[in-house]
Amino acid sequence: MQVTRLDLDGTGSPEGLVTKILKAEPGLTYPIPIEELAEALDIMEIGELETKGFEGSLLMLEHRAAGSILVNKEARGGRRRFTIAHELGHFLIPSHKPVKGDVFLCSRDDMRMWSAAEQDTYARMEVEANKFAALMLMPPPLLRPYLERKRDPDLAHVLALHEDFDVSKDAAARAYAQYHGAVVAVAVVHDSKVLRVYRPPKFPRLGALEGQPVPRSSIYWRTRQSGTSLSDLVEGQAGHWLESDWGKKLPVLYEQVLHQQMEYALVMLWPEFAEEDEDYDPDEDRTSKQRLAERLASSRQRS
């Protein structure tokens with residue numbers, strides 16, 4: 001690799017750093033060789049972390065001349081790569097300073113922070129390291145054209161993103177909801193409860209909040225004994241997932257479920273909004289079921 005830290009001089013934001021790295025390495029493609037990139041940017045060693053309760057650590061020499069990254073020895077695949085990228089973010093962002101001494105020690109909860117109060121310096125550093133990791137492993141200039149080829153939302157695309165970019169399913173789900181052209185949300189479920197929901201700003205308000213059980217009307221319950229196979233995309237009951245404003249009709253809501261091991265699952269929610277022009281309704285003579293059948297047939301023809 002040709003990139004050096006001199007190429008990044010004067011840049012302190014996750015977005016700015018990734019932009020400069022991509023400019024210095026125009027041939028970079030997915031899966032991003034994060035260990036090779038870290039080495040080019042003065043990370044001397046990537047080893048195993050044995051301290052329980054933590055996912056990653058960064059040790060820095062004086063004046064950030066170089067650094068070493070340690071990763072939870074049980075972490076594999078995409079999770080390991082995200083931790084390396086997260087610690088590299090701490091190393092490259094000049095304003096990031098360890099709370100004690102010269103060592104960053106990051107937990108799994110730290111790596112799930114995506115927002116923080118401005119006055120919370122520690123949380124803000126973790127959020128920025130996470131943004132750097134997500135952008136570096138799935139750079140928007142590579143991700144957007146990749147998703148444009150996938151067309152209509154489908155959890156199979158999340159699995160493909162997970163494999164092609166070598167990231168965790170959780171990270172792939174978050175990026176899918178953020179960058180797919182359609183308004184789509186992906187809920188991460190564990191033991192029948194909603195852990196978190198990744199959704200774009202335009203997504204309707206959710207009634208099923210984090211920590212609450214998955215709505216009983218969800219196809220999650222009907223497919224729970226189906227192993228780890230991917231369900232069909234079906235129309236669900238929007239009122240059980242979404243909150244409605246007074247006098248405003250809820251959109252038609254489609255659901256798809258991917259059950260995983262250890263009681264984890266991904267639930268994709270895809271609302272179909274009514275036309276703003278009430279006088280125009282190209283589907284007025286068709287039922288929702290007929291529209292869904294047409295969508296699936298169209299999607300299969302394009303895949």
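The structure is a predicted model, in which local features need pLDDT of at least 70, side-chain atom pairs count only at pLDDT 80 or more, and totals for chains, interfaces and linings use all residues. Residues are numbered from 1 along each chain as its sequence is written, and side-chain values use heavy atoms, with hydrogens and water left out.

**His90**
- His90 lies in helix 3, residues 77–92 (helices are DSSP runs of H or I with at least four residues, strands are runs of E with at least two, both numbered from the N terminus).
- The relative accessible area of His90 is 0%, so this residue is buried (buried is under 20%, exposed over 50%, partly exposed in between, with a 1.4 Å probe and protein chains only).
- Beyond neighbours within four places in sequence, the residues in contact with His90 are Leu58, Arg64, His96, Phe104, Cys106, Met125, Glu126 and Ala129 (contact means heavy atoms within 4.5 Å).
- The side chains of His90 and His96 are joined by a polar contact of 2.9 Å (a pair of N or O atoms within 3.5 Å; within protein, one must be able to donate a hydrogen and the other to accept it, and residues adjacent in sequence count only if both atoms are side-chain atoms).

**Glu163**
- Glu163 belongs to helix 6, residues 155–164.
- With a relative accessible area of 59%, Glu163 is exposed.
- Glu163 and Pro31 are 132 residues apart along the chain, and their C-alpha atoms are separated by 8.7 Å.

**Tyr264**
- Tyr264 is part of strand 9, residues 264–272.
- Tyr264 is partly exposed, its relative accessible area being 32%.
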